[in-house]
Amino acid sequence: MLATQTEIDNELVHQIYVELSFSITGQSLPADHGYGLYSAIAHLAPQVHEREGVSILTIVGIPDRQGKIFLTERSHLRIRLPYECMPMVYHLAGKQLSIGSHSIRLGIPQIYMLRPVERLRARIVTIKNHQEAESFLAAARLQLEALGIVGEAIVPLDVEGKPDRKTIKIKTYSVVGFGLEVSGLSEEDSIKLQIFGLGGKRRMGCGVFVPMKEI
């Protein structure tokens, strides 16, 4: 019999989660590289495509405002997953990933436990059929409630004082999302939100929450 989503969620929340942080050798990447990065990883580690509970964070860099980011010593590939699944991606160490016309090589990863913090933020969250800030925020709050997470969710403002709206390109189409901050989290809820995230496409960097100071 197929497991229900509730049964899957209950199983995931009782597992120990870790984050593998791979150092990177390379010069630059597309600014919008979530889908390309996921595709390159899945090519070398096909289980990533099938395993529940895997999140891949997009790589930070210095934007050139022309569609690229330049990599720095702070640029790392971070993959969040259950501890028992580490062998699934650990072997990526030393491998080269091709993302469009760009290439990076991964170093040996450091392993971190998730730590609870009171305020978390996701760079972009995508929720199907919610492309306006007001309806998006209402849907995000409903997802938090469904997970049993108590916290105050807001869409931050961009430099122009408007809701922080972003897009991610997947093959030939674009998906709309928004930045999201959640505060007032208990330790348990903070870890839960970091495990489950919100919305879809978490293997492409969407809906993955990190401590506020990392943004």
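I first located Met 113, which is found in strand β9 (residues 110–113); strands (E, at least two residues) and helices (H or I, at least four) are DSSP runs numbered from the N terminus. The model is predicted, so I note that local features need pLDDT of at least 70 and side-chain atom pairs pLDDT 80 or more, while totals for chains, interfaces and linings use all residues. Residues are numbered from 1 along each chain as its sequence is written, and side-chain values use heavy atoms, without hydrogens and water.

I then looked up the accessibility of Met 113: its relative value is 55%, so Met 113 counts as exposed (buried is under 20% relative accessible area, exposed over 50%, partly exposed in between, with a 1.4 Å probe and protein chains only).

I searched the whole structure for aromatic pairs and recorded 1 (ring centres of Phe, Tyr or Trp, the last by its six-membered ring, within 6.5 Å; planes under 30 degrees apart are stacked, over 60 edge-to-face, the rest tilted). The ring centres of Phe 136 and Phe 178 lie 5.0 Å apart with planes at 40 degrees, so this pair is tilted. I noted that the pair links distant parts of the chain, 42 residues apart: Phe 136 belongs to helix α4 (residues 133–146) and Phe 178 to strand β13 (residues 173–183). Both Phe 136 and Phe 178 are buried.

Finally, I turned to Ser 55 in strand β3 (residues 55–57). Ser 55 has 3% relative accessibility and therefore counts as buried. Beyond its neighbours within four places in sequence, I found Ser 55 in contact (heavy atoms within 4.5 Å) with Arg 78, Ile 79, Arg 80, Arg 202 and Val 208.
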